[in-house]
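Subject: Structure handover

Hello,

Here is the structure I said I would pass on. My notes on it follow below.

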Amino acid sequence: MKQGLKPKSKDIRHKYPPRIYVTDNVSSLYGLIKELKRWKGIDKYTILEINTTNLNLKLYKDLTSLYKGNYYIQDIPVILPENIKILETNI
């Protein structure tokens with residue numbers, strides 16, 4: 001939270017550019033968390049709200065997701081801390 005939200009990619013199976021996964025609604029968000037827990041093996045996630053006002057972001061539809069409403073953001077260096085709000089932790 002001190003440096004903001006930076007896209008990254010550590011998945012060596014796929015050659016995706018660094019990205020941030022996002023959803024357009026809360027129900028899709030819980031589906032995305034379920035997928036990420038299965039794929040990444042990480043047990044705890046944090047839900048963040050991104051204020052996109054005045055941000056030049058392009059959303060890409062995540063065609064690999066099992067759930068509707070999942071997207072990703074890429075081609076940006078960082079989303080600054082003032083645009084981020086923590087909604088829920090340890091999910």
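Tyr 72 has a relative accessible area of 13%, so Tyr 72 counts as buried, the limit being under 20%. Please keep in mind that this is a predicted model.

The charged end of Arg 19 sits over the ring of Tyr 72, 3.6 Å from the ring centre. Arg 19 also lies over the face of Tyr 16, where the distance to the ring centre is 4.3 Å.

On aromatic pairs, the count is 2. One of them is formed by Tyr 60 and Tyr 72: the ring centres are 5.3 Å apart and the planes meet at 15°, so this pair is stacked. Together with Tyr 21, Tyr 60 and Tyr 72 form one aromatic cluster.

Strand 4 (residues 70-74) also holds Gln 74. Is Gln 74 buried or exposed? Gln 74 is buried, at a relative accessible area of 11%. The Gln 74 side chain makes a polar contact of 3.2 Å with the side chain of Arg 19. Leaving aside residues up to four places away in sequence, Gln 74 touches Pro 17, Pro 18, Arg 19 and Tyr 60.

Next, the nonpolar cores. The largest has 8 residues, namely Leu 5, Ile 20, Val 22, Ile 50, Ile 73, Ile 76, Ile 79 and Ile 84. Apart from this core lies another, of 7 residues, including Leu 32, Leu 36, Tyr 45 and Ile 47. Within the largest core, Ile 79 has contacts that include Leu 5, Ile 20, Ile 50, Ile 73 and Ile 84, and Ile 79 touches Gly 4 and Leu 55 as well, again not counting residues up to four places away in sequence.

Leu 32, from the 7-residue core, is found in helix 1 (residues 26-40). The relative accessibility of Leu 32 is 5%, so Leu 32 is buried. Which residues does Leu 32 touch, not counting those up to four places away in sequence? They are Tyr 21, Val 22, Thr 23, Tyr 67 and Asn 70. The C-alpha atom of Leu 32 is separated by 8.4 Å from that of Leu 66, although the two residues are 34 residues apart along the chain.

Regards

Key. Residues numbered from 1 in each chain as written. Predicted model: local features only at pLDDT ≥ 70, side-chain atom pairs only at ≥ 80, totals over all residues. Heavy atoms only, no water. Helix = DSSP H or I, 4+ residues; strand = E, 2+ residues; numbered from the N terminus. Buried < 20%, exposed > 50% of the residue type's maximum accessible area, 1.4 Å probe, protein only. Polar contact = N/O pair within 3.5 Å; in protein donor to acceptor, adjacent residues only side chain to side chain. Contact = heavy atoms within 4.5 Å. Phe/Tyr/Trp six-rings, centres within 6.5 Å; stacked < 30°, edge-to-face > 60°. Lys NZ or Arg CZ within 6 Å of the ring centre and 35° of its normal. Core = buried A, V, L, I, M, F, W, Y, C linked by side-chain atoms within 4.5 Å.
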